[in-house]
Amino acid sequence: MSEKKRPVALVTGATAGIGAAFARRLADEGHDLVLSARNGERLREMAEELPAETEVLVADLATEEGVQALEERCREGVDLLVNNAGFGHSEPFLTVSAEREAVMARLHMEAVLRGTLAALPGMVERGRGGVVNVASVAAFFPGSTYAASKAWVVSFSQATAAEVAARGVSVTALCPGFTRTEFHQRAEMNMSKLPKSMWLNAEDVVAKGLSDMRRGKAVSVPGWRYKTLMAVGRRLPLSLSGRALASISRRRLRKK
């Protein structure tokens, strides 16, 4: 009797933070992995540490060449796609170059769109599979290009989930709040004043996201505090929630 084939999960932004937590969790659950990021050396180091058959896909998803590589691998067949790659910055909108904002938009939106569209036909044909698009609680508040791009991820995920749910495929927007990763350090954000109670662990975020995806939920918000914050944010007038977010940004997200 032939050995049962292991499911394949592709994770972008897999070398650190939430992406790395997804890779470790899925390897432990019995998936083979395709790990994607820009840094080939870190990818290979991580692949060696995981208890799974692991393929390395070195790709900058803010470039056309990188997105094409992602699309090609997704079309070959994956059982789970985790669109996690992303970044933030702490500068006010008017001080950030248009080029840098366009890079963020391509990474957070175009790469997610094209990767998802490349992966879904095979999943639909097989009648099973899932996509987790990592968004943010910031998606529910008017704010920066980061928040706007994550709001797009939520809307796109909800619409796509509704279209494929009857085909046995789940699409979920995972919307964590502040999570202990390299994200804020890379973005040069000073988070020292954020209360400890507001921090999430990457492993808990991943567990919640996978659980909700498998239950067919289109939006996953880890942590009761962030569920409450999201619910309040949805009910506030745009002008008021925008002012609140700007105030938080001035006090907490200043450059180091």
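Helices here (H or I, at least four residues) and strands (E, at least two) are DSSP runs, numbered from the N terminus.

Some ground rules before you click on. This is a predicted model, where local features need pLDDT of at least 70 and side-chain atom pairs count only at pLDDT 80 or more, while totals for chains, interfaces and linings use all residues. Residues are numbered from 1 along each chain as its sequence is written, and side-chain values use heavy atoms, with hydrogens and water left out.

**Stop 1: helix H7**

Now select H7 itself. It has 13 residues and reaches 18 Å from its first C-alpha to its last, close to the 18 Å expected at 1.5 Å a residue (the expected span is 1.5 Å times one less than the number of residues). Colour Ala202, Val205, Val206, Gly209, Leu210, Asp212 and Met213: these are buried (buried means under 20% relative accessible area, exposed over 50%, partly exposed in between, with a 1.4 Å probe and protein chains only). Look down the axis of H7 and its buried residues fall within an arc of 165 degrees, so they line one face of the helix; the arc is that of the directions from the helix axis to the C-beta atoms. As a reminder, an α-helix has 3.6 residues a turn, so residues three or four places apart point the same way.

What do the buried residues of H7 pack against? Show H1, E4, E5, E6 and E7 to see their partners (contact means heavy atoms within 4.5 Å).

**Stop 2: the sheet**

Switch to cartoon and find the open sheet, where seven strands run in the order E3-E2-E1-E4-E5-E6-E7 with parallel pairing (two strands pair if DSSP finds at least two bridges between them). At the edges, strand E3 (54–58) and strand E7 (219–220) each pair on one side only. Zoom in on strand E1 (residues 8–12) and strand E2 (residues 32–37), which are parallel and joined by five bridges. Val8 sits opposite Asp32 in E2.

Next, select helix H4 (residues 98–126), which lies across strand E4 (80–83), strand E5 (129–134) and strand E6 (169–174) and runs at about 170 degrees to E4. Helix H7 (residues 202–214) packs on the sheet too, touching E4, E5, E6 and E7, and its direction makes about 145 degrees with that of E6. For these angles, axes are lines fitted to C-alpha atoms, for helices over the stretch in contact, and angles run from 0 to 180 degrees between N-to-C directions.

**Stop 3: salt bridges**

There are twelve salt bridges in the structure (a side-chain nitrogen of Lys or Arg within 4 Å of a carboxyl oxygen of Asp or Glu). Select Glu203 and Arg24, whose closest N and O atoms are 3.5 Å apart. Glu203 lies in H7 and Arg24 in helix H1 (residues 17–28), so the pair ties together parts that are 179 residues apart in sequence.

Hop to Glu29 and Arg214, another salt bridge, at 2.6 Å between the closest N and O atoms. Glu29 is in the loop between H1 and E2 and Arg214 is in helix H7, 185 residues apart.

Last stop: Arg114 and Glu71, which meet at 3.0 Å, N to O. Buried or exposed? Arg114 counts as buried at 16% relative accessibility, and Glu71 is buried at 11%.
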